[in-house]
Amino acid sequence: MMPRRMAGFCPYCSDLFPAHHAPCTPCAHCLRETPPWRHLCFYGSYEHALRQLLLQAKFHSDPTAAHIAGELLASVCADLPHPDAIVPVPLHTARLRDRGFNQCVEVARPISRILQAPLRPDLLARTRHTPPQTGLHRKERLRNLREAFAASPCCAGLHLLLVDDTMTTGTTLAHAARHLLAAGAASVDVAVVARTPRHFG
């Protein structure tokens with residue numbers, strides 16, 4: 001079972017609250033600083049069966065698992081305005097060579113098919129090989145991603161849907177969205193399969 005998370009999160013950044021059925025209200029961070037994207041949707045919490053599905057896609061080079069994740073995510077993308085193009089979060093060429101494929105591209109393929117919007121991985125590139133974000137503090141994450149992306153001028157005027165498999169703090173997605181907007185995108189919405197839950201004491 002991989003149920004969709006329907007409540008208990010921030011509507012701007014999808015930060016998960018301890019109570020699964022709590023009303024969707026803005027978190028303290030988003031009240032201080034609005035994210036660069038227009039809308040964000042996600043399927044569920046990064047745990048249990050959904051976590052195993054994404055680990056299978058990411059670290060076992062399993063495109064079938066990635067496509068299943070993409071179909072789950074496509075089911076919630078109907079809540080967003082229809083995009084002109086879908087942009088998967090890119091991997092640097094060195095990591096792409098090591099891993100063999102970009103799981104975000106594979107997740108985005110069924111979304112592109114179901115929404116009938118073109119898949120445009122060419123609109124955003126990873127220009128710097130950065131260490132994984134996992135385990136880094138916020139300042140380290142920001143420093144790690146400095147000048148890590150480049151967006152194509154072909155973004156100009158387009159309403160884009162940025163797709164990622166997992167969202168932890170949102171730092172990577174925020175940097176990517178800002179680069180797309182700086183390149184002239186009319187708007188950026190974000191769709192992620194899973195949101196990493198915080199550990200609540």
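Is Cys-30 buried or exposed? At 6% relative accessibility, Cys-30 counts as buried (buried is under 20% relative accessible area, exposed over 50%, partly exposed in between, with a 1.4 Å probe and protein chains only). My notes follow.

1. Ground rules. This is a predicted model, where local features need pLDDT of at least 70 and side-chain atom pairs count only at pLDDT 80 or more, while totals for chains, interfaces and linings use all residues. Residues are numbered from 1 along each chain as its sequence is written, and side-chain values use heavy atoms, with hydrogens and water left out.

2. The overall layout. The protein chain has seven helices and six strands (DSSP runs numbered from the N terminus: H or I with at least four residues for helices, E with at least two for strands). Along the sequence they come as α-β-α-α-β-α-α-β-α-β-β-α-β. Of the 201 residues, 51% are buried. Take the contacts (heavy atoms within 4.5 Å) with a separation of 6 or more: 73% of them involve residues 24 or more positions apart.

3. Back to Cys-30. This residue is found in helix α1, residues 28-32. Leaving aside residues up to four places away in sequence, Cys-30 touches Cys-10, Tyr-12, Cys-13 and Pro-35. Tyr-12 is 18 residues from Cys-30 in sequence, yet their C-alpha atoms are 6.8 Å apart.

4. The sheet. Four strands make an open sheet in the order β1-β6-β5-β2, with parallel pairing (two strands pair if DSSP finds at least two bridges between them). β1 (40-45) and β2 are at the edges with a single partner strand each, so one side of each has no neighbour in the sheet. From one strand to the next, the twist averages 20°.

5. Pairing inside the sheet. β5 (residues 159-167) and β6 (residues 187-195) run parallel and are joined by eight bridges.

6. Which way do the side chains of β2 point? Ala-85 and Val-87 go one way, Ile-86 and Pro-88 go the other, and all are buried.

7. Helices over the sheet. α2 lies across β1, β5 and β6, and runs at about 105° to β6. α3 also lies across β1, β5 and β6, running at about 130° to β1. For these angles, axes are lines fitted to C-alpha atoms, for helices over the stretch in contact, and the range is 0 to 180 degrees between N-to-C directions.

8. α2 against α3. Helix α2 (residues 48-59) packs on helix α3 (residues 63-77) at about 135°, with the axes 8 Å apart. That makes the pair oblique (under 35 degrees is roughly parallel, over 145 roughly antiparallel, 65 to 115 roughly perpendicular, and the rest oblique). Their crossing is left-handed (the near helix is turned anticlockwise from the far one by less than a right angle; clockwise would be right-handed).

9. α3 against α5. Here the packing angle is about 45° and the axes are 7 Å apart, with α5 covering residues 103-115. α3 and α5 are therefore oblique to each other, and the crossing is right-handed. Among the residues that meet are His-67, Glu-71 and Cys-77 from α3, and Glu-106, Arg-109 and Arg-113 from α5. The tally for this contact is 11 nonpolar, three polar and four charged.

10. Two backbone angles to look at. Neither residue is a glycine, but phi is positive in both: near 55° for His-48 and near 50° for Ser-61. His-48 has its place in helix α2 and counts as exposed at 63% relative accessibility. Ser-61 lies in the loop between α2 and α3, and at 38% relative accessibility Ser-61 counts as partly exposed.

Notes: Nonpolar A, V, L, I, M, F, W, Y, C, P; charged D, E, K, R; others polar.
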